Amino acid sequence: MTALSIRGLVAGYDPDLPIVKEVSIEVPEGQVLAILGPNGAGKSTLIRAVAGMVPTFGGEVRLAGRDVTGAPAHALARAGLGFVPQTENVFTRLSIRENLQIAAELLPRPARAERIAAMLAMFPDLGSRPEAAAGSLSGGQRQMLAAARALLSAPPVLILDEPSAGLSPKLVGQVFQTLRRIAEDGVTLVLVEQNVRAALELADRAVVLVDGRLAHDAPARDLIGNPLLGRLFLGGRAEQAA
Amino acid sequence: MTLQILVNGLVAGTTIGLGAIGLSLTYSILRFANFTQGDLIAWGAYLTLAVAGAIGGLLAGLGPAGPLAPFSFGWTLPVALLGGMALTVLLALGLDAVLFARLRARGADAIILVMAGFGASMALRAGLEFIFTSAPAYFTRELQIARPLGAGMRATPDQLLVLGLTAALVVALHLLVTRTATGRAMRAVGESPALAAVYGLDVAGVVRITWVIGASLACVAGTMSGLLVQIRPTMGFDLLLPLFAATILGGIGSIPGAMIGGLVIGLSESLAVQVLGAEWRAAAAFVVLVVVLLVRPSGLFGRGA
Amino acid sequence: MEILAYAAFFLTVAMTYATICLGLNVQWGQTGLFNVGVAAFVGLGAYVSAILTTPEATGRIGGFGLPIAAGWLGAAAAGGVLALLVGALTIRLRSDYLAIATFGVAVALQLVFQNAEPLTGGAFGIGFIPRPFAALQREALAFALTNLALSGAVVLALYLALERLARSPWGRALRAVREDETAAESLGKSPLRLRLEAFVLGGMVMGLAGAVQAHFIGFIAPANYLPALTFQVWAMLILGGSGNNRGAILGAVVVWAIWAATAALIAQLVPAGEQARASSLQLVAIGVALCAILLWRPQGLLPEHRAISRHLSRRP
């Protein structure tokens, strides 16, 4: 079963200047997919377009077989697509609990309190003072809250934009440990990452985006320590590996 | 200088405060300075008047049974107010659908929205003048005797009712915004509409609720002002500078702030009238605005300009 | 003959409006500043010039008897000073605060015009303002034509000067700040200072326009400087094509023509008791027209390829 299907997606801010140029990726249920690539390749734009935050000009996106191309962000959230933006991903003026309460509205009423409690238990830093304003949290704690919020509604597909950005190595480790637990629960994970090593250690599969197009697609373990990656990042082509 | 200034100022301040709350909400959630807020207040008063007239009664606000003692109006006024609120909400939603939403969909800058609101406010105001003429209108001709409150202050029963009703409304609104899911959604959209959508919130729905609240408050403010003073087409426009001053003083997005701002402006106006004369009333709001912009543009409870 | 005189009169007033629009264009078209208090700047210029040039009047300052040119210079200076004060207060803040502040200034100044009798003559205003070519007053046509030539010359001179300025290093710096503020800053341009300078320049032109109007008509009253004036001018600029000096002039003439025509129609067709009501329809029309233009043809009649249309549709 394909959890997320992207076909020929063209997206950007200006129809005459697309940033994502006909990208196609099929993500099977339960897979952990890493999207890698040099700066400016369009990785963020790609997932933001899938999440309904960037206009799409062509192609198709399907969520569990359902066509959701061009659907607005809130409809996608309700359809089971969780998205964690890179920055400004929590409401700093609301408390931790309130952030989670908003997310809980995606669930039927009886389930809400229990899921909120579950998230607070899963992330003790958040559970210790749930009434605190999210703005008072440290960078790493905010990432935790952002992830907790997205996880709360138990979305079958979770997309994260550079979850390790701006975090210390120790925190990066914690974040990826959490992501591993999420993946083990069967969630389909798609992450854009600059921290290639951590991403490849977590992922089952990796695609490399260069200049808005897919330049390579392989199992993650094939890319660990592979000089091909360096070439792609620095502007070379996959064919040169041969 | 008597303490009566206090009463006069508080009473005037409630109208300003209610209007400022509506303005502050649209400012923080819809992200533009809505110049039509004043005219929504005026339209609210006239719509209530029209509904009251439709319900019947010798003098619109009285109704066949006469005034509800000790107040100056009959049961038709509160009933008409509900009708007026519904109509004002329709007007605001219609205005948004026809004008602001279209400009937002195009990605227009906030300043264009302000400009459109400016144009719409002129049309609304002149429209009132065309339909109702500029002669003042009244809800009731019943005269009220001001009752003594002590310390040299007097207030009419109508005035006391307005003060009490406003206090209740502000408390209710504050609870709505801080304790309910709707209020959470409004605060979330006020911080970031894009993130709110990612969280699964229906931003368009929050926009609608904002207009509903803003327009309802405008109608209540207009009806109260119309009851205590008079109804005329420019009543809203005359309130616009006090509304902006109150909103900025209180801090955009803060309900308590907007009401406090309104009361401060009301009291300042009262003082200005006492010291300089009634014709200088409008100067008070201007002075407060300049001071706030000089000293602390983000206002009392605001978050940075 | 009479028609010619009337046409000349009409065009002269249109030229004074065009002057206001040129000033507003510097603020909005070139700099993106939304001045909601145009009437205040125009009125201030008018009153300053009137006070400087009118003969003595009881209960009001005056009697300086300065020549018209001095009055006009004073008016421009006053408009500039007002712009400097308001600009300095708000230019650092969000753009809508300038709108609100200028709105407040318009309300406050209207109060002063209306109530500060020792200064402004109160509700009666100021009369006997010296008119250019006053010697010709008895000959309607000659008077009208010379005044038209004068106001037209003012517009022409301003147009040429402003076009020149737009192409000058200052104008280019201003455009750079509009297109990409951060880049311009890194090149050493100061966006705040440039905007303030543009705002002051616009204010000066508006003050001058107020004086030209005042001296042409010969008397002024607070009722001349109500928000309706601000609306009219904005409609003129947006209709004509904001960002565009030619558009400013065209918009002024077109909107003034429509306004004068509808006013004449109302005077002819509507019974006396209903005329005030009918006039309010003019204002409804202006408000609706402004919104309609913003919705359907934001670039106005004479579009400018760069400039303002950027504000009207932008991606997130």
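Start by selecting B:L161, which sits in helix α5 (residues 157-179) of chain B. Helices here are DSSP runs of H or I with at least four residues, strands are runs of E with at least two, and both are numbered from the N terminus. B:L161 is partly exposed, because 18 other C-beta atoms lie within 10 Å. The scale runs like this: a residue is buried with 20 or more other C-beta atoms within 10 Å of its own, exposed with 12 or fewer, and partly exposed in between, with C-beta atoms placed from the backbone. B:L161 and B:P78 are 83 residues apart in sequence and 12 Å apart in space, C-alpha to C-alpha.

A word on the model before moving on. It is predicted: local features need pLDDT of at least 70, side-chain atom pairs count only at pLDDT 80 or more, and totals for chains, interfaces and linings use all residues. Residues are numbered from 1 along each chain as its sequence is written, while chains are lettered from A and ligands numbered from 1 in the order in which they are written.

**Stop 1**

Select B:R31. Its place is the loop between α1 (4-30) and α2 of chain B. Look at the backbone: B:R31 is not a glycine, yet its phi is positive, about 60 degrees. Most residues other than glycine have a negative phi. B:R31 is partly exposed, with 15 other C-beta atoms within 10 Å.

Next, select helix α2 (residues 37-55) of chain B. How far should its 19 residues span at 1.5 Å a residue? The answer is 27 Å, and the end C-alpha atoms are 27 Å apart, which agrees. The expected span is 1.5 Å times one less than the number of residues. Is α2(B) enclosed or open? Of its 19 residues, 15 are buried, so α2(B) is largely enclosed by the rest of the structure. Step one place past the helix to B:G56, which follows α2(B) and has a positive phi near 110 degrees.

**Stop 2: two helices side by side**

Show α3(B) and α4(B) together. Two packed helices are described by the angle between their axes and the distance between the axes. The axes of α3(B) and α4(B) come within 9 Å and cross at roughly 155 degrees. Axes are lines fitted to C-alpha atoms, for helices over the stretch in contact, and angles run from 0 to 180 degrees between N-to-C directions. The two helices are therefore roughly antiparallel. Angles under 35 degrees count as roughly parallel, over 145 as roughly antiparallel, 65 to 115 as roughly perpendicular, and the rest as oblique. The crossing of α3(B) and α4(B) is right-handed. A crossing is right-handed if the near helix is turned clockwise from the far one by less than a right angle, and left-handed if anticlockwise.

Pick out the touching residues. From α3(B) come B:L95, B:L99, B:F100 and B:L103; from α4(B) come B:I112, B:L113, B:A116 and B:A120. Contact means that two C-beta atoms, placed from the backbone, lie within 7 Å. This contact has 8 nonpolar residues, no polar and no charged. Nonpolar covers Ala, Val, Leu, Ile, Met, Phe, Trp, Tyr, Cys and Pro; charged covers Asp, Glu, Lys and Arg; the others, Gly among them, are polar.

**Stop 3: chain B meets chain C**

Display both chains. Their contact takes 39 residues from chain B and 38 residues from chain C. On the chain B side, α3 (76-105), α4 (110-132), α9 (235-250) and α11 (283-295) each give two or more residues. Which helix gives the most? That is α4(B), with 15 residues. The chain B side divides into 29 nonpolar, 5 polar and 5 charged residues.

**Stop 4: inside chain C**

Select α1 (residues 2-27) and α11 (residues 245-269) of chain C. Their axes come within 8 Å and cross at roughly 135 degrees. That makes α1(C) oblique to α11(C). The crossing is right-handed. Among the contact residues are C:F10 and C:Y17 of α1(C) and C:W256 of α11(C).

**Stop 5: chain A**

Select A:Q31, in the loop between β2 (20-28) and β3 (32-36) of chain A. Beyond its neighbours within four places in sequence, A:Q31 is in contact with A:T188, A:D204 and A:R205.

Finish at A:D67 in strand β5 (residues 66-67) of chain A. Buried or exposed? A:D67 counts as exposed, with 11 C-beta neighbours inside 10 Å.
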